[in-house]
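These are my notebook entries on a single protein chain, kept in the order in which I looked things up.

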Amino acid sequence: MESSRQDIRNRKQFPQLVQKWEQIGSRFYFYCPETVLEVSVYAENIVRFRFSPEGRFEDDFSYAVKTHKLDTRGDFEVKQVGDEFHLVTEQLVCNISKTLRINIFNSEGKLLSEDERGFHWEPHPSKGGNIVYYSRKIQEQESFWGLGDKPREMNLRGMRLENWGADTYGFEKQTDPLYKNIPFFMGLHDGQAYGIFFDNTFRTRFDFGYERGDVMSFWAKGGEMTYYFIYGPELTTVAESYTYLTGRPKLPPLWALGYQQSKWSYYPESQVKEIASGLRERKIPCDVIHLDIDYMDGFRCFTWDQERFPDPKRMISELEEDGFKTVVIIDPGIKKDKEYFVYQQAIEAGYFCRRADGPLMEGDVWPGACHFPDFTNPEVRKWWAGLYEEFMKSGIRGVWNDMNEPAVFEIGTFPDDTRHDFDGHPCSHRKAHNIYGMQMARATYHGVKDALFPHRPVVITRSGYSGLQRYSAVWTGDNIATWEHLWMANIMCQRLSISGVSFCGSDVGGFIGQPSGELYVRWIQLALFHPFFRTHSSGDHGDQEPWSFGEKYLDIVRKMIELRYQLLPYMYTVFRQHCEYGTPVLLPLVFLDQNDPETHYRMEEFGLGRDLLMCPITTEGAEGRIMYLPRGQWYHYWSDKLWEGGKEIYVEAPLEEVPLFVRAGAVIPHYPVQQYVGEKRIEELTLHVYFLDGAYTSTLYEDAGDFYDYAQGNFTLRTFEVTGSKSRLDIVQTREGRFNSEYNIYRIVLHGLPFLPAGMLLDGETVVFDQEQDPSTKTFEFEVPKKFQQLSVMRLDGFAALED
């Protein structure tokens with residue numbers, strides 16, 4: 001009898017027939033006996049489906065979704081057609097059967113999503129509540145991408161993956177789960193892209209045809225089955241719409257996109273100064289030095305070791321005079337010490353997490369026995385943010401949150417029975433685990449932002465949930481100095497970028513172990529295209545400063561970091577596009593041409609924005625590689641050779657070069673080389689213009705690089721429309737905004753001209769070029785005022801006609 005009852009209890013259950021439905025504003029409710037489905041229209045391409053096996057819903061609360069503002073202006077309605085209900089928006093048709101199975105079409109009738117079993121559930125045998133499931137049919141040739149920091153191949157088809165943030169020291173390619181919890185993925189079939197965001201903070205799993213090759217499913221060990229369906233049809237539109245829901249970051253200070261040097265750990269002060277001097281003396285551009293846990297007094301957060309750092313404010317000020325910003329680490333574990341002011345405040349106010357029966361949650365991390373703040377409590381977040389007010393007065397310019405999965409030595413993380421406030425929705429750690437790191441980063445962000453005002457804040461976190469991009473940059477965690485980890489760093493950062501978290505990077509060279517000089521160079525060549533660009537390593541494995549591998553490698557590393565600083569105006573423009581519209585900074589090949597099936601399983605090539613394409617060397621000893629160029633024309637950055645895309649090519653890549661291509665028609669701005677952002681007055685901006693027989697548009701965004709006045713219009717967005725033909729190249733510039741950059745001159749460098757230019761028409765004025773220009777070269781340089789509106793470069797016959 002007991003066995004029979006157990007079988008019944010574990011049997012999956014399904015909704016019965018819909019008995020009635022109703023509309024309340026932009027929400028639609030479909031009632032079955034004991035269960036209910038809520039359908040909400042957020043935009044013409046975004047619909048939320050929320051199912052409750054209990055027939056009632058919890059409070060409509062989410063840490064991920066920035067706003068629950070619904071579409072109240074859209075033209076949408078529900079019609080009952082036979083045994084189905086049809087919800088129609090301008091872009092979508094959602095057909096809901098009486099058994100609550102859902103098929104979704106675009107407005108042209110193309111199938112986007114087709115339920116298999118749809119909603120189902122079973123009681124959780126030991127924890128209570130329900131395990132909630134959803135399954136869909138996989139369409140022919142369908143591919144999947146997303147889910148944050150997974151180190152596997154880019155296309156998720158055939159995989160099963162899990163979200164449960166873990167401290168995975170020395171993770172491997174097959175390791176899952178890792179640090180971050182981003183339950184968002186994208187699908188593509190028949191040229192139509194969509195996304196699904198499964199907003200559930202419990203332990204979640206995703207099966208992309210692993211168990212059954214034609215079925216995709218996702219489920220959670222508790223909570224509601226709530227997901228958002230996001231239609232493209234372009235993958236980029238899906239990614240942008242996802243950040244419409246979960247939020248977009250504010251612009252970081254420009255220096256945060258510079259090179260950063262770190263180690264576990266630089267101490268005492270004399271070593272920090274030695275590292276700073278070493279960078280400047282060797283002319284290695286660098287903006288940031290990081291201090292790991294050994295700057296603290298016994299690993300107590302918000303303190304300094306007075307012997308190692310007797311006067312932090314003076315030291316930080318001296319570093320800043322030499323162009324270095326200081327970023328320090330802060331962990332969640334608070335040492336049990338009755339004399340320690342942070343511990344005292346938290347104990348007195350009741351800010352630490354407790355176990356189910358009342359004792360404080362206790363675990364060992366770096367300081368030894370620790371208690372842990374409940375960052376899901378808004379009072380605790382406010383208190384934590386306030387701790388930065390005094391701490392940041394030493395001149396610190398950024399904070400790096402680690403160990404916030406949360407990690408606990410020996411036991412991994414908090415026990416399931418640990419209690420959390422969850423912003424007034426009390427729960428166990430089963431529900432709060434995956435958002436703990438994000439809420440710590442949130443509290444840190446607000447504290448650092450307030451303390452640094454009017455400067456822009458910089459926060460970095462190891463763990464987080466969907467929406468963490470509103471508060472923090474990320475890195476990929478404790479990687480290893482191997483060629484495979486170099487490959488993984490490429491994949492992980494691309495995946496994070498399309499999952500909403502573009503401000504990402506890896507520990508260059510590997511945190512664990514020591515790379516060879518060749519591996520370090522190749523890692524630098526990849527990371528210089530990642531927004532967060534930091535060398536970080538564990539000190540007990542040897543030195544990993546750029547000069548640690550000998551002069552041969554140092555010269556190449558210096559050249560690569562200099563290239564990063566030259567490309568800063570381009571990268572800042574791409575980053576502004578991400579902040580404004582949610583466009584990923586790093587674009588996998590499929591995002592550059594989703595209609596080319598060849599791109600669907602390619603993964604090493606990626607775009608920094610749409611106009612720079614790179615493919616790292618990830619094999620020891622290689623001096624070239626095969627890569628795929630998306631359709632269109634592409635210039636090899638180092639040689640100016642023009643390639644036709646839509647095919648595989650072999651590109652030479654000696655150690656001093658990385659495979660890098662520029663889209664034909666693009667305008668790529670370059671700064672002069674600087675040792676740090678703001679070192680020099682920028683007196684001239686170089687615009688590299690790549691000829692295209694056709695038309696293409698590029699942009700350049702500029703502001704002060706810090707502060708917030710850009711939000712009041714003190715920025716400039718310049719648009720360059722390039723039109724080329726066999727005898728002429730036109731550039732039309734328009735401007736939006738009122739920021740006035742320091743320079744007044746553009747140096748124009750034309751690449752790939754098919755003709756020898758004789759002169760140009762510059763805002764109606766004729767300008768004659770030097771006729772002694774070498775006709776064998778395809779680059780041509782000249783200067784123009786930055787305020788020009790239109791210029792036309794012509795070959796001799798066209799120019800002669802103008803003079804006549």
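**Entry 1: ground rules.** I am working with a predicted model, in which local features need pLDDT of at least 70 and side-chain atom pairs count only at pLDDT 80 or more, while totals for chains, interfaces and linings use all residues. I number residues from 1 along each chain as its sequence is written, and I take side-chain values from heavy atoms, with hydrogens and water left out.

**Entry 2: the whole chain.** I looked up the secondary structure and found 13 helices and 51 strands in the protein chain; these are DSSP runs, H or I of at least four residues for helices and E of at least two for strands, numbered from the N terminus. The radius of gyration is 28 Å, close to the 28 Å that the globule rule gives for 804 residues, so the protein chain is as compact as a globular protein of that length. For that comparison the radius is taken over C-alpha atoms, and the rule is 2.2 Å times the number of residues to the power 0.38. Along the principal axes, the C-alpha atoms fill a box of roughly 100 × 75 × 50 Å.

I then turned to burial: 63% of the 804 residues are buried, where buried means under 20% relative accessible area, exposed over 50%, and partly exposed in between (1.4 Å probe, protein chains only). The accessible surface of the protein chain comes to about 29400 Å², and carbon and sulfur atoms hold 46% of it; the areas come from the Shrake-Rupley method with a 1.4 Å probe, and for residues only the protein chains shown count as cover. Among contacts with a separation of 6 or more, 68% are between residues 24 or more positions apart, a contact being heavy atoms within 4.5 Å.

For charges I noted 86 positive and 117 negative side chains, with the centres of the two sets 4 Å apart. Lys and Arg count as positive and Asp and Glu as negative, with His and the chain ends not counted, and each charge is placed at NZ of Lys, CZ of Arg, CG of Asp or CD of Glu.

**Entry 3: helix α4.** Which residues of α4 are buried? In this helix, residues 312-321, I found Pro312, Met315, Ile316 and Leu319 buried. Seen down the axis of α4, these buried residues fall within an arc of 95°, so they line one face of the helix; the arc is that of the directions from the helix axis to the C-beta atoms. They pack against α3 (269-281), β20 (288-291) and β21 (325-330), whereas Lys313 and Glu321, on the other side of α4, are exposed. After the helix comes Gly323, whose phi is positive, near 90°.

**Entry 4: backbone exceptions.** I looked up cis peptide bonds and noted one that joins Gly232 and Pro233, with omega about 10°, Pro233 being in the loop between β18 (225-231) and α2 (235-246). Another joins Phe453 and Pro454, with omega about 15°, and Pro454 has its place in the loop between α7 (429-452) and β28 (459-461).

Asp640 has a phi of about 70° and sits in the loop between β38 (633-636) and β39 (642-644), where Asp640 is buried with a relative accessible area of 16%.

His636, in strand β38, is buried with a relative accessible area of 8%. Beyond four places in sequence, the residues that His636 touches include Lys641, Trp643, Val651 and Phe661.

Asn744, in the loop between β46 (728-737) and β47 (745-751), is partly exposed at 46% relative accessible area. Leaving aside neighbours within four places, Asn744 is in contact with Glu683, Val784, Pro785 and Lys786, and its C-alpha atom is 8.8 Å from that of Val784, 40 residues away along the chain.
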